[in-house]
Structures are given as C-alpha cells and as structure tokens.
Amino acid sequence: MDTNSVIGTTNKKGQVITDARRMMFEAPRTPSFYTGSEVIKEAIRRANVDVMIAYPITPQSEAAALIGELFAEGYVKEYFRGESEFAVMSECAGAAFGGARVFTTTAGPGTMRAMENFPMWSGARLPIQMIVTCRGINSPLSIQPDTLEIAYLLNTGMLVWHAETAQDFYDWILKGYIVSEEPDVHLPLALCCDGFFVTHTKDMVNLTPVDMCLPPYDPYRSPVPCMDMECPPVRMMRDPFVMKSNYISYATHASWQQEVWAAVERSRKHTIAWIDGLIETENVDADILIVSSGTAVSQGREAIRLLADEGIRVGLVKVKSLRPWPGQEIREATKNAKHIIVPEFNVVGWMAREIKASVPNSDRVVCGPRVGGGMTMPPEVIVSEIKNALGIRSAAMAGRGS
Amino acid sequence: MIKKRLNIRMSGLGGQGAVTAAHVMAMAASKDGKFAISNPFFGAEKRMAPAESYCRIGIERIYDRGELVFPDVIEVFHPQVITMGKSYTMPFYSGIKEGGLVIINSDAPLLTEEDIQRLNDLHVAVFYINGTQVALEVAGTELSTNMTMIGSVAGITKCVSMHALDLALQERFGKKFVASGGTATLDEAIKKKFAKKEMLLQKNLDTVKRAYEMGVEWAEKNKYELQVAAMAAA
C-alpha cells in the first residue's frame, strides 16, 4: 500500500526518522558522561531542527556554539547569529511563521531583553523551543544561576518546564517538541535549567541512538494558517485589531487570550503522558516535604539523605512543569504534610508564592531557604531550615569568612 | 577514613586548567564505575583571576551541585590563592571537613602559624607539591601543572585509577573538543608545545604518573588515609 509517511525514511545525514514514542521510550540508550551543554547538542542532533538562531551570553554560549558545530556537520538546516537577543527572538518568530522547527538558547539578561517577543510567540501560536539557562538578571552583574527570570516567563502564555538534571534536559528537549507541536497546543516552550549547575556540570546521561531522529515538524498541523504575507488570514498586518477600538476588536483580543491559556491547559494531558506527570514524588506520606523545581530539588535530595542519617524522614515533590501549573497534583501530594519546605535560587520566592496559592492551610509553607545572585545552596542549609521549622536546634554553620 | 563520597575543591587561577582537572577526574571516576559530578565556578574568563572547580566522587548517585562549601580535599593550584586571597572563600580552607586534606602547589611553605593550628585542630593533613616544577621537568611546560594536581590527589586517595585517568585524558585531549573561547585558546596553546597529539597525551600522562607516585609515597610515609569506599558488587 502506498504511504506518505516519513517514518522509516532517512534524512540526508542517514538518520532514520523514527516514531517519537519508539525513539523516546523503547529504543536502547547509551550512557554518556557529558556536560549539560554537550547534552543540548546531542538532543538537537536528533531533533530534526530546521533553524537555530544564536546570540552569545553566558552560560548558554557553549551550547549555542555547539549547535553551530551541528550546523557545520549538516544536522541543522539553518543557523545564524542574530544582532541581539531581541532580534534573535523576532527572527525565531519569522522562521516559525514560515513553517520551520525553530530552536534557540538564552539566559538571564538576554531573556529579559527579548521579553516582548514571548507573549507574541504564544499569541501567534508558534511552537518555538527556547532553552533558558538561568543566570542572575540583577545589578550588580552576576553570571551565576539565579532563577528570577523564570518568574517573568510564567505569564507569557508559553509552556514553561524546569529541568533538574542533564537527563531531564535531554529527554525534554525532544519530548518538548512533540508536546508543543500538538495541534491543540501549538505553543512555544521555555525549557529552563539552572545555568552552570546543569550546563557546565558533567553528569551521566542516557542517550537515544544517534542514527534515529524525530519526525520533521509538519506546519499543516498548526491550528492557525501558516503566515502568507501576500494574503494574511486576517488583516492584522496593516490594520491590527488594536487600532480599532470597537467591540469586535476587544472581543477578539479577549477570546484569543483565553484560547492561548486554554491551549496551555490542553497541553496537560500530553505533558503528563510524555514526561511522566507534571510532578515527581517520593515518600509524600512524610510529615515534612521539600517542594521545588530545578537544582533546588537536587540539593533537597541531598538534604533528605543527611536528615535520614539523623532519623528524620522527609519526602519530596519535584515540580517539572511550571506552565501548565500542577496545582491539583501538589494539593494532593502535600495533603498530609505538616511542613512544606520550598528552597529556591531566587530572592523573591516565586515558587513558594505559587505553592501557597495552591494548597490549603498555606501557613504550612516555609518560604525558604533562598539564595540570590546564583549563590550555591549547600544541602546543610536546607537541613538547618527544616530543623528550625521543627524547633530543633542545629549547630551554627561555618560559612564563608569563618 | 573511608567515605561514601569524596568532595574535592580545586582553587586555581584562570588559565591553569582547574576546570579541566575536575572534569578529567570525574570522567576517570565514571570510567572506574563510580558516580561522579564535576563543575566549574568562575566569574569572567580571565587569566590569573580566581577560578574554582569541584569534583564529587562517590558510591551512590550524586545530586549536589554548585560550589563545594564543605570539601574533604582542597587543592591549591597557585600560591596566589593563599598569598593574595584569590579564592572564593577566606581563608582558602574555609569549610574543610575534619580529617581532610590540603594539597598546595608551591615550592615554599605558605601557611601562617594560625592556619597551621586551625588545620591541626581539624586533623587536616597538608601536602606540598612543587607541581609547576614537576610539570616543567616531565612535560617540559608549566601548562601541565594541572596534571600534577590530578596525580597527587589520585595517588593519596586512590579515588580514581591510573588506567581510568589515561582513558579520560585520551577522551579530553585526543579528539576535537568544543568549549568556550578561552578554553579553546588554551587548548591550542598546549598543542603547540608538543610536536604531535600523541606526545601531548603521553607527556601529560607521565606528569600525572609522577605526581601520583609522589602522592602514594607521601601518604605511606605519613600514614594518611582518606578513601572512597568500594562500589558494592552488582
């Protein structure tokens, strides 16, 4: 029987275009000891990306340069450096409007500079994937991992996931395209990690076979027509709705914004299926739970070990997806907890706010410990915060400058 | 002392290869079948500016990331880390664990009476190695100083095997390696010191070996023991 399916055919690099479920869940994996930046490269090698647009900013520069290597090797069809992050994100929009699978990476001040584009991407329903390797955005300048920029991304209408490890990163880059390109979703994804702690850290990662790649993006699965500048679907190029202060234009805006957020909600079912739930839990029957995302989870895992040595049992909730927000899941996982500890790598505590808004008896939520400016959070600091909540005295810690 | 995890903090100056050293150690530990994580910590990439890296090696999965605030081993790659305070902690040994180890690359003692007393109180052993001199003698270039820091800590603690270090060096220097501009420039600089890539690998390995032997000898003489437990049989 004739078929138009591309599954089983090869691309020009000889990779077999593979059904995504088979590739991600069934294909054999090879353990490799890589930095997070190298892992981004290896995921993109297998992601059938059409266009990558780069701009240097620490700590994502290495990853951006490595994708340049992929372009030189022929795995990425188009690659260039934009004039600034704002230009990069606008150019990404152009490429996605044109029907390409688009990838970019940014960090900290770069994310902030480009911010205007992100709600535009969501509103235009462009399934661009952007890696955010979080770094400080404040002055005085910091290049270290601080997650404040994520707070700004939460209300853009983008999907926002927060990877803990390089393994999360590898799997979620590939799975992210699948979720984000679903016709009932079709939204951009901000795939965040804590810079340096993931990008520059060598860790063991299980990779899918190098001779398999994702099926290409099919722009005809888009819920809105591909942009044709000669014949736009609505006259938004020359007569944007904003210029018409009438009921129809307001109604159009309101309903379209609702539709964008409805699409975020509709991504839930796909996200749950692909990344095995919006949260991951361990021992949630314990009285004390650590709830957070990203590297704060890793530090929490170490704190749990230290406390276990002292006979104190602590459970864990790792929040994988921030948008859509797993409010119901967190409410269920924390229903028996007496103390909910929320360690964070930012000064405002956006994660604690989200959790407080999701759980009953929110005075159970301990908003901390927090470190700002990308400082390290030793597990001992989390241990001390937990002991404090339990009313146990802990020895003063020898800090810097002792 | 035998531990489930060995935390190594490497304090150096930009350009000395402290980041590379931590990565090579972790790669080697991983090849030995242990769990390992390595990561750097630095500001703007700049020669002679403080640069730290961390290598964690253990027998169970490691989650801890970022700066090593409570290390078992501290390696000082350059006297200025101590004499000019080019360190992310003051004093440079802040946070070291009881029974720990300090390895200092210097041809002269650098610690004050107070430092010596405080380290003694914590039963911390101090090993001086003139790593720059060893690198010049064995490899013919001070750019191999980081290899002596790898060798000495491996010799004293046996946290990685010489065979695994050989494999890790081949992986790091034997093929094309893309990193930041600064690292790429230094990679080119060290390649120019040797006629052939094989020579670079061999000389660096010889430097690691020499420092490894010095470490073994020192540990035996001083009856110092700090090791990672053996992996449980699968």
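**Domains, chains and a helix pair**

Trainee: How many residues of domain 1 of chain A are in contact with domain 2 of chain A?
Mentor: 20 residues of domain 1 of chain A are in contact with 21 residues of domain 2 of chain A. Keep in mind that this is a predicted model.

Trainee: Which elements give two or more residues to the domain 1 side?
Mentor: In chain A, they are α7 (148-153), β7 (159-162) and β8 (189-194). The largest share, four residues, comes from β7(A).

Trainee: And by class?
Mentor: That side of domain 1 has eleven nonpolar, five polar and four charged residues.

Trainee: Where are the domain bounds in chain A?
Mentor: The domain assignment gives 16-221 for domain 1 and 279-390 for domain 2. Their centres, taken over C-alpha atoms, are 27 Å apart.

Trainee: New topic. How many residues are in contact between chain A and chain B?
Mentor: 27 residues of chain A touch 23 residues of chain B. On the chain A side, α3 (61-73), β9 (202-207), α10 (295-309) and α13 (379-390) each give two or more residues. That side divides into ten nonpolar, nine polar and eight charged residues.

Trainee: Now chain B. At what angle do α1 and α6 pack?
Mentor: About 125 degrees, with their axes 8 Å apart. Angles from 65 to 115 degrees count as roughly perpendicular and those over 145 as roughly antiparallel, so α1(B) and α6(B) are oblique to each other. The crossing is right-handed.

Trainee: Which residues make that contact?
Mentor: Among them are B:His23, B:Val24 and B:Met27 of α1(B), and B:Leu165, B:Ala168 and B:Arg172 of α6(B). By class, the contact has eight nonpolar, two polar and three charged residues.

Key: Residues are numbered from 1 along each chain as its sequence is written. Chains are lettered from A and ligands numbered from 1 in the order in which they are written. This is a predicted model: local features need pLDDT of at least 70, side-chain atom pairs count only at pLDDT 80 or more; totals for chains, interfaces and linings use all residues. Two residues are in contact if their C-beta atoms, placed from the backbone, lie within 7 Å. Ala, Val, Leu, Ile, Met, Phe, Trp, Tyr, Cys and Pro count as nonpolar, Asp, Glu, Lys and Arg as charged, and the others, Gly among them, as polar. Axes are lines fitted to C-alpha atoms, for helices over the stretch in contact, and angles run from 0 to 180 degrees between N-to-C directions. Angles under 35 degrees count as roughly parallel, over 145 as roughly antiparallel, 65 to 115 as roughly perpendicular and the rest as oblique. A crossing is left-handed if the near helix is turned anticlockwise from the far one by less than a right angle, and right-handed if clockwise. Domain bounds come from an automatic or database domain assignment.
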